[in-house]
Amino acid sequence: MRGLRLLIIGKQGSGKGTLCAKFALRFAIPHISTGEVFRAGVANKTELGLRTKAFMDAGELVPDDLVMEIVNEFFNRDDLRSRGFLFDGFPRTVNQADLLDRLLEPEGVDAVINLDVATEIVIERLSFRRICSDPNCGAIYSLTSPPKVKWVCDRCGSPVVQRDDDREEMILKRLSDYEKMTAPLLSRYDRLGKLITVDASCSPEEVFADALEELAGRALMQAGGAGSR
Ligand code: ADP
Ligand code: ZN
């Protein structure tokens, strides 16, 4: 049986990374965050990082051809077509969604989880958000749920910092890009009957439980646990 093919879509700060971390702990599906891949490239000054840094620094989307380069590399490196995957932050434009469809012909993805939350809530969450500075760790914290020891990552001991693009001026620009370029994808997946919208204003545990229940309701996963392997 092939693994589940899931996409997570939502505004910046809707909790995509947090939800994916919970899925990845529970299920053996590869979790791919294009944003994390790009941040790691910039931090490690790789060739990809040098090509994406200016876009990231400006809070802009990375051009589709660079995004598809890393996505294609994941498909070449890992047997994602049979193992399944959880994409976080991809696709983010209609063009990226078209290219993903082509990679997955004929079936496409199984489901798209839309993390639905009001803009005022995500603006506050993003200004509170702090992350582990080690891009290989990627742990997520906030002013309201900080690490145990003062601003040192619980998981790896690296300093916990604010993401450069989480400063206020950039937040508004990124949210407006989301509305313009990414939100149109929701109706596309809805028309295909693949869209699962979850209320993302509640706690991460509730969001995770709701998402599992919706997937179970579509016979894509068992609600309580073991599914998907
Ligand atoms: P957020 O969802 O808060 O923007 P991510 O970690 O998903 O955070 O992405 C960080 C940055 O990486 C984005 O602002 C953008 O510059 C780049 N990026 C990530 N995924 C994509 C994508 N699919 N298309 C274009 N740019 C992307
Ligand atoms: Zn860490």
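**Close-up views of a predicted model**

View 1. The side chain of R163 places an N or O atom 3.0 Å from an oxygen atom of ligand 1. This is a predicted model. R174 also reaches ligand 1 through its side chain: an N or O atom there is 2.6 Å from a ligand oxygen. E60 uses its backbone instead, with an N or O atom 2.6 Å from an oxygen atom of ligand 1. In total, 18 residues surround the ligand. The closest are T34, R39, E60, R92 and R174.

**View 2. D166 and its surroundings.** D166 sits in the loop that links β7 (160–161) to α8 (168–182). Its relative accessible area is 1%, so D166 counts as buried. Leaving aside residues up to four places away in sequence, D166 touches L126, S127, R129, I171 and R174.

**View 3. The open sheet.** Five strands make up an open sheet, ordered β2-β3-β1-β4-β8, with parallel pairing. The edges belong to β2 (31–33) and β8 (195–199); each has a single partner strand, so one side of each lacks a neighbour in the sheet. On average, neighbouring strands of this sheet are turned by 20 degrees against each other, direction ignored. Strands of a sheet pair through backbone hydrogen bonds.

**View 4. The β1–β3 pair.** Strand β1 covers residues 5–10, and strand β3 covers residues 85–88. The two pair in the parallel sense over 4 bridges. Which residue of β3 is the bridge partner of L6? The partner is L86.

**View 5. Helices on the sheet.** Helix α1 (residues 16–26) lies across β1, β2, β3 and β4 (111–116). Its direction is at about 155 degrees to β1. Helix α10 (residues 204–217) also packs on the sheet, where it touches β1, β4 and β8. The direction of α10 makes about 150 degrees with that of β8. Both helices touch or cross β1 and β4.

View 6. Is C137 buried or exposed? C137 counts as buried because its relative accessibility is 14%, and the cut-off for buried is under 20%. C156 has a relative accessible area of 35%, so C156 is partly exposed. A disulfide is a covalent bond between the sulfur atoms of two cysteines. The count of disulfides in this model comes to 0.

Terms used
Residues are numbered from 1 along each chain as its sequence is written. Chains are lettered from A and ligands numbered from 1 in the order in which they are written. This is a predicted model: local features need pLDDT of at least 70, side-chain atom pairs count only at pLDDT 80 or more; totals for chains, interfaces and linings use all residues. Side-chain values use heavy atoms; hydrogens and water are left out. Two strands pair if DSSP finds at least two bridges between them. Axes are lines fitted to C-alpha atoms, for helices over the stretch in contact, and angles run from 0 to 180 degrees between N-to-C directions. Contact means heavy atoms within 4.5 Å. A disulfide is a pair of cysteine sulfur atoms within 2.5 Å. Buried means under 20% relative accessible area, exposed over 50%, partly exposed in between (1.4 Å probe, protein chains only). A residue is near a molecule or strand if one of its heavy atoms lies within 4 Å of it. A polar contact is a pair of N or O atoms within 3.5 Å; within protein, one must be able to donate a hydrogen and the other to accept it, and residues adjacent in sequence count only if both atoms are side-chain atoms.
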